[in-house]
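Colleague: I am new to this structure and would like to learn how to read its backbone features. Please show me the model, then take the features in turn.

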Amino acid sequence: MKTRESELERVLLELMEALPEPEWIAVVDADGLPMASVPERSPVGVDRIAAMAGAANQTGERLAKELEAGELRFVTVVGAKRQVIVVRLRPDRYLSIGLSPQVPAQTTFGALSQRVSEILHILEERIATST
């Protein structure tokens, strides 16, 4: 049976193949809960990825508002071990991507632009949700 989660995972796997050195990709809701993620086992637990994506989005929105930057599009956090890009798909859905810190963030934008509309379409489709 085709579910929203299975369709999201299919597109996330395609995106993962197109990105340089991805560690994970996850779609997260506004409450910081995971909707779908790949791979099945990431170096950081999916619940932590989802919670931190929600927190990064909230912090990014606050920064964008206070610094009059306009509507938030994405947040990037780069550490010594990895970088995380949180893309705002819509006000209640985010895409979290974990990458090696050596990967230039802008190298992800081409692959993202090819898949974001499909992810949004799946999020809006009325298909079964997994239970």
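Colleague: Where is Glu21 found?

Modeller: Glu21 is in the loop between helix 1 (4–18) and strand 1 (22–29); helices (H or I, at least four residues) and strands (E, at least two) are DSSP runs, numbered from the N terminus. This is a predicted model, where local features need pLDDT of at least 70, side-chain atom pairs count only at pLDDT 80 or more, and totals for chains, interfaces and linings use all residues. Residues are numbered from 1 along each chain as its sequence is written, and side-chain values use heavy atoms, with hydrogens and water left out.

Colleague: What is the phi of Glu21?

Modeller: Most residues other than glycine have a negative phi, and most peptide bonds are trans. Glu21 is not a glycine, yet its phi is positive, about 55°. Glu21 is exposed, at a relative accessible area of 51%; buried means under 20% relative accessible area, exposed over 50%, partly exposed in between (1.4 Å probe, protein chains only).

Colleague: Which peptide bond is cis?

Modeller: The one from Val38 to Pro39, with omega near -5°. Pro39 lies in the loop between strand 2 (34–38) and helix 2 (46–66).

Colleague: How many bridges join strand 4 to strand 5?

Modeller: Two strands pair if DSSP finds at least two bridges between them. Strand 4 (residues 83–90) and strand 5 (residues 93–99) run antiparallel and are joined by seven bridges. Ile85 has Ile97 as its bridge partner in strand 5, and a hairpin through two residues joins these strands.
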